[in-house]
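Please keep the sequence and the structure in view while reading.

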Amino acid sequence: VSFRVQRTSSSSLFPSSSWYYFSSQQRLAVACGDFLTSAASKQRRKMGEDEKKGAVIIPESVLKKRKRLEEWNLAKKQEIEAKRKKNAENRKLIFKRAQAYAKEYEENDKELVRLKREAKLKGGFYVNPEAKLLFIIRIRGINAMHPKTRKILQLLRLRQIFNGVFLKVNKATMNMLHKVEPYVTYGYPNLKSVKELIYKRGYGKLKNQRIPLTDNSIVEEALGKYGIICVEDLIHEIMTVGPHFKEANNFLWPFKLSAPSGGLKKKRNHYVEGGDAGNREDKINELIRRMN
């Protein structure tokens, strides 16, 4: 059965001036299309009215992102605040420790003077106790060097000329030094030399990188678990050869010194023969001044 229908809709697909023949199914489809079109137009009108009223629809992903950023900012703010508080406490602790170390060094110097005066009054001489700390400087290159000697220098971390390291005095280290004596000079550094070396040319090994010691936080990050939280702690541990000397010394990168001002006398000869190699005891401090 066919129906003769005249379209009165404004649809562009079916102009009003045309006549069409529809089956019942086609007529139903046209009616549904008109209904969907009217529903969509109603929805658009409603959204337009909402926008006019000022209601903005925000996607859920944007809301989640905003919440996440707020949580991150809060956590970061709390972390900065905790770090600031910890630094303030550390500054007070570092100041107290530095005062205690200065007092200790002063008392040691006074005790040394007293013992020397006492020995002199009794008509004798005061003999200083055996040194516990050495500072070794490499003064020669690799020409005509025995492989075993080269290996010992590598173990001592003296891979370049005019490199310097601290070393603890014991039988093993002294035996090693005797084998490489023509290539190095060493002696017993004083407090002034240790301080100048660490403050001026001190570099630390942090995550296998050579980092300048410009901040106490670098020392604390590497050696905080041993109770060494600042440069003064590090100097005290090196100078007194404390229980964590090994860790503190391994943290320090070998010192890269300059060529000595005024030059060397004769590096092939021993120090006691008028040369530069070998043990020069307290005279190492004068050489450090010229190379630092």
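## Lining of the largest pocket

Helix α2 supplies the largest share of the lining of the largest pocket, contributing 8 residues. Sorted by class, this lining comprises 11 nonpolar, 5 polar and 7 charged residues.

The space in the largest pocket comes to about 1,000 Å³. Its lining consists of 23 residues, of which L112, P129, A131, P189 and M239 are the closest to the centre of the pocket. The elements that give two or more residues to this lining are α2 and α7, the latter spanning residues 231-240.

## The second largest pocket

In the second largest pocket there is about 310 Å³ of space. This pocket is lined by 14 residues, and those closest to its centre are F166, L167, K246, N249 and N250. Two or more lining residues are given by each of β4 (163-168), α4 (171-179) and α8 (245-251).

By class, the lining of the second largest pocket divides into 7 nonpolar, 4 polar and 3 charged residues.

## Residue Q99

Q99 is placed in helix α2, which covers residues 60-121. Is Q99 buried, partly exposed or exposed? With a relative accessible area of 46%, Q99 is partly exposed, because the partly exposed class lies between the limits of 20% for buried and 50% for exposed.

Although Q99 and E232 are 133 residues apart along the chain, their C-alpha atoms are separated by 9.9 Å in the predicted model.

How values were computed
Residues numbered from 1 in each chain as written. Predicted model: local features only at pLDDT ≥ 70, side-chain atom pairs only at ≥ 80, totals over all residues. Heavy atoms only, no water. Helix = DSSP H or I, 4+ residues; strand = E, 2+ residues; numbered from the N terminus. Buried < 20%, exposed > 50% of the residue type's maximum accessible area, 1.4 Å probe, protein only. 1 Å grid on protein atoms, 1.4 Å probe; cavity = no way out; pocket = protein on both sides within 12 Å on 5 of 7 lines; lining within 4 Å. Points joined across faces, edges and corners; volume = space filled by probe spheres on them. Nonpolar A, V, L, I, M, F, W, Y, C, P; charged D, E, K, R; others polar.
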